[in-house]
Amino acid sequence: MNVFRLVADLMHLASILILLLKIRKTRSAAGISFKSQLLYLIVFVTRYLDLFTHWVSLYNTAMKVFFIASSGYIVYQMQRRYRATWDPALDTFRIEFLLGGAAVMSLIFHTKFTFLELFWTYSIWLEAVAILPQLFQMSRTGEAETITAHYLFALGAYRGLYVVNWIYRYATEGYWEWIPFLAGMVQTVLYADFFYVYFSRVMRGKKFELPH
């Protein structure tokens, strides 16, 4: 494992821990898109169907369990304990288009036509756009809590670093997987406006607000 992938994994862990901290500290799911969180749960479940059939390492297995469990916990908390704090009138992105689009992409663009491989590819394409409901919700309100902005930055940095990871692996090992690279590029591009506002405002101690 190279340093880019390691830091990317740590940023991914940090993003989830920041989100859990936000929900627990404020006792609220306000500003968080339930639809994005549901999509991430689907991403992890479909990606890690090999959890009990394919052993790589203790680290790999622990990460798989953590991502599935934490995503399930967040979805459960948003639907049960903090349901009253989540505003469905703002969280209106049509995720059926994302679910269907990822399915079509995985059927057209994949490396092997097997059950596990198709679901793995599906999770890659779906993750590339899973953040869209969150970004759409933020565009409607025009602002976000600072801790929510930190969560999104860590999540975006994780995907950006994975793109660098693939470039590094190709340069040093000659190993290349174009599907996760392309999907990572798509997701990184989706974060472009967010990153600009994050560095120009939040990193300077200002409130996260989208330009009008």
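Biologist: What volume does the largest pocket have?
Modeller: About 950 Å³ for the largest pocket. Keep in mind that this is a predicted model.

Biologist: Which residues are the closest to its centre?
Modeller: Arg5, Arg47, Tyr48, Asn60 and Trp120 are the closest to the centre, out of 33 residues that line the largest pocket.

Biologist: And which helices supply at least two residues each to that lining?
Modeller: Helix 1, helix 2, helix 3, helix 5 and helix 7 each do that for the largest pocket. Helix 7 gives the most, with six residues.

Biologist: How does the lining of the largest pocket divide by class?
Modeller: There are 15 nonpolar residues, seven polar ones and eleven charged ones in the lining of the largest pocket.

Biologist: OK, what about the second largest pocket, what's its volume?
Modeller: The second largest pocket comes to about 220 Å³. It has 16 lining residues, and the closest to its centre are Ala30, Gly31, Gln137, Thr141 and Glu143.

Biologist: Which elements give two or more residues there?
Modeller: For the second largest pocket, those are helix 6 (132–141) and strand 1 (143–144). Helix 6 has the largest share of that lining, four residues. By class, the second largest pocket is lined by six nonpolar, six polar and four charged residues.

Biologist: Switching to cavities: how many of 30 Å³ or more are there?
Modeller: The count is one cavity of 30 Å³ or more. The volume of the largest cavity is about 80 Å³.

Biologist: What lines the largest cavity?
Modeller: His12, Ser15, Ile16, Leu19, Gln37, Tyr40, Phe44, Ser71, Ile74, Tyr151 and Leu155 line the largest cavity. Seven of the lining residues are nonpolar, four are polar, and none are charged.

Biologist: Which helix gives the most to that lining?
Modeller: That's helix 1, with four residues in the lining of the largest cavity. At least two residues each come from helix 1 (3–26), helix 2 (34–47), helix 3 (58–79) and helix 7 (146–173).

Biologist: How do helix 1 and helix 7 cross?
Modeller: Their axes come within 8 Å and cross at roughly 165°. Angles over 145 degrees count as roughly antiparallel, so helix 1 and helix 7 are roughly antiparallel to each other. By class, the contact of helix 1 with helix 7 has 18 nonpolar, five polar and three charged residues.

Biologist: Left-handed or right-handed, that crossing of helix 1 and helix 7?
Modeller: Left-handed for helix 1 and helix 7.

Biologist: And helix 5 with helix 8, at what angle do the axes cross?
Modeller: At roughly 15°, with the axes of helix 5 (residues 115–129) and helix 8 (residues 178–190) coming within 7 Å. That makes helix 5 roughly parallel to helix 8. Helix 5 passes helix 8 in a left-handed crossing.

Biologist: New topic, the backbone. What phi does arginine 27 have?
Modeller: Arginine 27 has a positive phi of about 50°, although it is not a glycine. Arginine 27 sits in the loop between helix 1 and helix 2.

Biologist: Is arginine 27 buried or exposed, and why?
Modeller: Arginine 27 counts as exposed because its relative accessibility is 51%, and the cut-off for exposed is over 50%.

Biologist: Last one: where is valine 65?
Modeller: Valine 65 is in helix 3. With 42% relative accessibility, valine 65 counts as partly exposed. The C-alpha atoms of valine 65 and valine 45 are separated by 9.7 Å, with the two residues 20 apart along the chain.

Note on methods: Residues numbered from 1 in each chain as written. Predicted model: local features only at pLDDT ≥ 70, side-chain atom pairs only at ≥ 80, totals over all residues. Heavy atoms only, no water. 1 Å grid on protein atoms, 1.4 Å probe; cavity = no way out; pocket = protein on both sides within 12 Å on 5 of 7 lines; lining within 4 Å. Points joined across faces, edges and corners; volume = space filled by probe spheres on them. Nonpolar A, V, L, I, M, F, W, Y, C, P; charged D, E, K, R; others polar. Buried < 20%, exposed > 50% of the residue type's maximum accessible area, 1.4 Å probe, protein only. Axes fitted to C-alpha atoms, helices over the stretch in contact; angles between N-to-C directions. Parallel < 35°, antiparallel > 145°, perpendicular 65-115°, else oblique. Left-handed = near helix turned anticlockwise from the far one by under 90°.
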